[in-house]
Amino acid sequence: MEEPLTEKERVLTVKEMDVDDQPRERALKYGINTLSTPDLWALILRTGLQGKPITALCRDLMKDNSNSLYSLERKSLKEIMKTKGIGETKGLQILAVMELTRRYNKEKIGERYVINSSQSIYNYMKDTIGNLGHEEIWALYLGRRNDVISAKRITTGSAVASIFDIKAIMKEALLMDAQGLVMCHNHPSGTLVPSGPDDSITRKMKEAAAFMEIRFVDHVILAPTGYYSYYDSGRL
């Protein structure tokens, strides 16, 4: 028979911790900005496992992701759930926080976001697709002032070029009475060198937009470290 754990060896529950070690109480006493990243997750996820408080579970979560929110953001629900104690509900809570962060970073108070450079395109889309672990193609539909009317995900997956639907993009543009169009997609590998399929899609989009008398403003490839612009490179 195994010897019972001593008081020193046993993992304390959150309630058994000193008040200054409890995330909720410390946040109330000293401010939310004093909490570590695992403690912030603990406030959100709330409950741990029997014998393992949520604070310890959240330390494991961050440890499994190299103590990096950047690394955690790239994980799918299935990958996040590999941390013991993170089930489907907690995994979805984590994904929801990440999505809210992306939307907050994109939000602009007042008028619509205006595209005036490749950098402004990158700034608008980087939190949406810049750090994804899979490839996605998006279209930005613009008004007369290059203001963003709508942003639509066109394709997702590993073979996006083979299922890229120009007709669907142009149909949306006509329905919205869009005056301009921007294409964006990400390279999960981090490379910013356009591929042959990237060049082919760009050429076809430019031709289709010209035929419909819609300005094809740019095609931007995004990665966590930066971006590539067809317009800036003189290829449009």
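Arg102 is buried, with a relative accessible area of 14%; here buried means under 20% relative accessible area, exposed over 50%, and partly exposed in between, using a 1.4 Å probe and protein chains only. This is a predicted model, in which local features need pLDDT of at least 70 and side-chain atom pairs count only at pLDDT 80 or more, while totals for chains, interfaces and linings use all residues. Residues are numbered from 1 along each chain as its sequence is written, and side-chain values use heavy atoms, with hydrogens and water left out.

Which residue forms a salt bridge with Arg102? The partner is Glu73, and the closest N and O atoms are 3.0 Å apart. The pair links distant parts of the chain, with Glu73 in helix H4 (residues 69-73) and Arg102 in helix H6, 29 residues apart. Helices (H or I, at least four residues) and strands (E, at least two) are DSSP runs, numbered from the N terminus. Glu73 has a relative accessible area of 22%, so this residue is partly exposed. A salt bridge is counted when a side-chain nitrogen of Lys or Arg lies within 4 Å of a carboxyl oxygen of Asp or Glu.

Glu99 is partly exposed at a relative accessible area of 28%, whereas Arg103 is exposed at 57%. Glu73, Glu99, Arg102 and Arg103 are linked in a network of salt bridges.

The count of salt bridges comes to nine. One of them joins the side chains of Arg26 and Asp39, at 2.2 Å from N to O. Arg26 lies in helix H1 (residues 23-30) and Asp39 in helix H2, so this pair ties together parts that are 13 residues apart in sequence. Arg26 counts as buried at 14% relative accessibility, and Asp39 counts as buried at 8%.

## Pocket and cavity

Now for the open spaces. The largest pocket holds about 550 Å³ of space. A pocket is an open set of points on a 1 Å grid over the protein atoms alone, with protein on both sides within 12 Å along at least five of seven lines; a cavity is a set of points where a 1.4 Å probe fits but cannot get out, and lining residues have an atom within 4 Å of a point. Grid points are joined across faces, edges and corners, and a volume is the space filled by probe spheres set on the points. The largest pocket is lined by 24 residues, of which Glu99, Arg102, Thr128, Leu132 and Arg153 lie nearest its centre. Two or more lining residues come from each of H4, helix H5 (77-80), H6, H7, strand E1 (135-142) and strand E2 (148-157). Of these, H6 gives the most, with eight residues.

The structure also holds one cavity of 30 Å³ or more, with about 30 Å³ of space in the largest cavity. Its lining is made up of Glu73, Arg102, Lys126, Asp127, Thr128, Ile129, Gly130, Asn131 and Leu132. Here H7 provides the largest share, four residues.

## Aromatic pairs

How many aromatic pairs does the structure hold? There are three. Rings of Phe, Tyr and Trp (its six-membered ring) pair if their centres lie within 6.5 Å; planes under 30 degrees apart count as stacked, over 60 as edge-to-face and the rest as tilted.

One of these pairs is Tyr113 with Tyr124, which is tilted, at 4.9 Å centre to centre and 45 degrees between the planes. Tyr113 lies in the loop between helix H6 (88-106) and helix H7 (118-129) and Tyr124 in helix H7, so the pair ties together parts that are eleven residues apart in sequence. Both Tyr113 and Tyr124 are buried.

## The fold as a whole

Stepping back, the protein has nine helices and five strands. Along the sequence they follow the pattern α-α-α-α-α-α-α-β-β-α-β-α-β-β. Of the 236 residues in the protein, 40% are buried.
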